[in-house]
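Trainee: Could you take me through the aromatic rings in this one, slowly and in plain words? I would like a close look at how they pair up.

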Amino acid sequence: MSSSKRASTMPAGPKPPTSLASTLIIADNATLTGTNLITIGASTIVHPRTRISCVHAPVTIGSSCILSERSSIGFQSSPSGEDQGRGVVIENGVVVEIGAIVEASRIGEGSLIEVNAKVGKGAVLGKHCKIGPLCTVAEGEVLPDFTVVFGNGQRRIDSSGAQELKLKMVGRQVEVLRKLIPSNLAKFQ
Amino acid sequence: MDHFTPYTYFQCPCTDNSISIRNIGHLESTRADHDDEDERTFDPKAPRANFSLYPLDHLLYCEICHEIRCPRCALDEIVTWYCPNCLFEVPSSTVKSEGNRCTRSCFQCPVCVAPLSVNSEAPAPTGLGAEHAGPAGPFVLSCSFCCWSSAEIGIKFEKPNSIFSQLAKIKNGGDPILSAKQRRLDREERRRDFSDASIPEDAQEVLPLDPNEQLDAEAQFSNLKSFYQSQLADASPASALGFGGEYGYGSPGALTRIMGLYTGGGLADKRSQSKSTPMREACDATEGLQLAKTNADEDLAKLRREGWEGTVSKEQRCEQAHEPHFVSDLRPIAALLRTKRSKRCKSCRHILSKPESKVQNTRFRIRLLAMNYIPTITIKPLQPVLPGQSSLLSPMKPTQFVLTFKNPLYDAVNVSIATPSQTPGRYSSKVTVLCPQFEVGAYIEDAWDDVLREPGEKGGEKERRRTRAETFEGQQQAEAGKVWESGRNWVSVVVEIVPATVGPESGPAFLTEGLEQDNSPMKEDEDILEIPVFVRLEWETDPAHDDGLGAPVSKDKEAKVKRELAYWCVLGVGRIAQV
Ligand SMILES: [Zn+2]
Ligand SMILES: [Zn+2]
Ligand SMILES: [Zn+2]
Ligand SMILES: [Zn+2]
């Protein structure tokens with residue numbers, strides 16, 4: 001596999017301290033870097049080539065989350081404010097799609113961060129938020145529950161009440177991905 | 001500074017250059033008037049030029065007239081109407097009666113214009129045989145992009161199909177809309193009650209039946225329409241051609257009568273004229289009259305309650321039929337139908353482009369693109385712009401550009417190009433074409449030919465590259481009168497440009513000489529250096545080639561036909577740095 005070869009050429013740093021649930025699915029060539037604690041909950045899926053960085057602050061990910069390929073979780077540079085010291089917290093049932101960058105202090109339950117979206121440092125997203133493709137949430141921004149960011153940065157509140165259905169869909173997606181992605185949990189423990 | 005991509009636009013010869021185009025909305029008029037008609041230079045910066053310049057791939061070519069054809073000199077004919085969402089082909093008769101929107105289930109989001117999908121509100125069935133059971137209602141239209149759903153405006157559907165007709169019966173909020181027929185019955189009934197009370201018809205002080213009835217735009221239109229229909233019917237009851245049909249206005253008899261009614265009978269026949277009585281106007285809601293609201297308390301209260309979020313944006317409003325103010329008044333937008341069109345030459349009526357009529361088929365039966373008949377022209381700087389270097393042109397510094405002509409024809413073409421020595425406009429740059437006349441070789445389709453011929457042509461290749469090699473060793477200058485570089489069916493020549501000084505102050509006197517001084521602030525894109533180029537092509541061809549068959553060249557020289565084509569082009573070279 002070409003991608004695993006590429007991973008092996010990287011300098012092997014010390015493994016970051018982790019607290020991983022036993023039902024976690026984490027692909028062999030996901031990258032976990034840094035020295036802070038990484039906590040990942042049960043039934044979460046970490047795709048190949050997902051980057052989780054705890055260099056500057058710890059990362060906490062809830063259960064039944066999906067972190068897609070080439071997404072980056074964790075601070076990319078050192079935090080500026082004191083309140084950002086807790087690092088990145090992602091609650092249960094959050095989907096981070098391909099290429100998205102998440103540096104938020106908190107991502108609420110059931111949120112969806114779409115392709116190549118960017119959530120800035122210290123931002124706080126409420127529950128069931130949806131950040132559209134290529135949309136940006138500024139540093140330190142606070143979005144209430146059910147916020148939808150779409151198009152050219154327009155925002156609206158989703159009042160369709162379909163959040164339960166969506167959580168169920170994420171659960172089903174997790175079930176499928178469990179069978180598809182070979183996990184190598186031991187490598188990261 | 002942002003990146004500038006050099007471009008070439010072609011002017012269709014159908015443009016009338018004899019009109020001094022700078023006169024329109026411009027002060028400079030004297031210069032153009034002095035010129036002889038033939039010598040008049042096309043000015044790409046003139047306001048009119050926008051309408052005649054096209055990229056080469058937008059142009060067609062008529063093989064009968066041997067001319068370039070642009071969207072202005074080609075006629076469009078609609079081949080097919082279809083819905084872009086469900087690809088359903090809509091017959092043109094349906095388009096006439098139902099309008100140009102998809103009448104099935106295709107809608108776009110009123111908030112973000114993404115396509116809407118029909119989803120079931122009920123949770124998916126679970127348990128045994130769940131996958132065979134269809135989804136249960138109610139259904140909503142929902143947007144997967146911005147999460148808008150028709151539930152937000154209180155609209156839910158019983159069936160997942162034919163949403164259009166279901167939507168036509170539901171108001172925002174879920175109340176039913178009466179169909180035109182029901183409304184008419186309703187109206188008739190009320191009128192009967194009304195006339196029983198024996199109220200004079202024209203009495204203004206008497207309140208109409210339901211003066212506060214708020215009609216939506218559809219209902220108002222329908223009321224108005226039936227009111228005037230009945231008025232017209234009353235005006236000429238003896239007419240054989242009644243207004244019974246929905247589209248009775250279209251018939252010639254009806255039109256004559258309407259014209260007659262409004263013009264005092266000049267066009268109507270004597271019989272109906274004698275019977276026509278002055279028409280009354282609508283005077284209440286049942287007849288379609290809606291007074292403008294003088295009291296906006298309700299709207300104001302709503303505005304206070306819902307705030308900025310509750311109002312629609314300009315874009316959202318433009319998409320809607322009745323210009324709503326609040327998000328709660330938005331309605332899903334039925335998908336606008338698209339067309340497939342064929343194009344005809346305006347002067348000889350021959351077809352230039354004809355797509356397959358089937359929607360799913362993207363092929364063309366006929367497509368005569370100008371690209372296959374006239375050389376493409378590309379322009380690029382002689383010295384490539386290094387990364388990090390400014391791509392702006394420095395004023396007053398001679399810069400060289402390579403102009404490449406690539407021939408798509410099966411015959412060699414003689415090309416003559418001419419440019420004005422100074423570009424027209426306020427900021428006039430100097431332009432010199434080092435080699436204005438050259439021949440571009442024929443296009444050879446077979447790639448194998450190319451490979452096989454390569455060894456024999458090695459000498460020629462060296463010959464060709466010679467001028468180039470010299471310049472790299474020498475003074476970095478292209479030789480005047482010589483082609484810069486050439487290949488089998490392409491030729492490059494060098495153009496030298498001395499960009500003008502662009503800025504609020506006018507340039508040195510020798511550049512602005514003879515021009516009226518215009519010290520107005522710089523307009524948008526006035527700093528882009530555009531060069532008008534007159535291109536003239538001459539070639540000899542076998543008439544068989546004209547049919548586009550690509551038949552082998554006949555040995556008979558007499559059979560050859562001489563062809564000529566001339567047109568203006570505009571080369572967008574770059575932005576000039578401001579001083
Ligand atoms: Zn034209
Ligand atoms: Zn459709
Ligand atoms: Zn939408
Ligand atoms: Zn023609």
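This is a predicted model: local features need pLDDT of at least 70, side-chain atom pairs count only at pLDDT 80 or more; totals for chains, interfaces and linings use all residues.

Now for the wider picture. Over all chains, the count comes to 10 aromatic pairs. One of them is formed by Phe150(A) and Phe145(B), with ring centres 6.1 Å apart and planes at 80 degrees, so this pair is edge-to-face. The label follows because planes over 60 degrees apart count as edge-to-face. Where do the two partners sit? Phe150(A) belongs to strand 20 (residues 147–150) of chain A, while Phe145(B) is in the loop between strand 9 (139–143) and helix 3 (163–167) of chain B, so the pair joins two chains. Phe150(A) has a relative accessible area of 3%, so it is buried. Phe145(B) has 26% relative accessibility and therefore counts as partly exposed.

Let's turn to a pair inside chain B. The rings of Phe10(B) and Tyr567(B) have centres 5.7 Å apart and planes at 40 degrees, which means that the pair is tilted. Phe10(B) lies in strand 1 (residues 7–11) and Tyr567(B) in strand 22 (residues 561–575), both of chain B, so the pair ties together parts that are 557 residues apart in sequence. Are these two buried or exposed? Phe10(B) is at 1% relative accessibility and counts as buried. Tyr567(B) is buried as well, with a relative accessible area of 2%. Both labels follow because buried means under 20% relative accessible area.

Phe146(A) has a positive phi of about 65 degrees, although it is not a glycine. You will find Phe146(A) in the loop between strand 19 (142–143) and strand 20 of chain A; strand 20 is also where Phe150(A) lies. At 23% relative accessibility, Phe146(A) counts as partly exposed.

Val113(B) is in the loop between strand 7 (107–108) and strand 8 (116–120) of chain B, and its relative accessible area of 44% makes it partly exposed.

How values were computed:
Residues are numbered from 1 along each chain as its sequence is written. Chains are lettered from A and ligands numbered from 1 in the order in which they are written. Side-chain values use heavy atoms; hydrogens and water are left out. Rings of Phe, Tyr and Trp (its six-membered ring) pair if their centres lie within 6.5 Å; planes under 30 degrees apart count as stacked, over 60 as edge-to-face and the rest as tilted. Helices (H or I, at least four residues) and strands (E, at least two) are DSSP runs, numbered from the N terminus. Buried means under 20% relative accessible area, exposed over 50%, partly exposed in between (1.4 Å probe, protein chains only).
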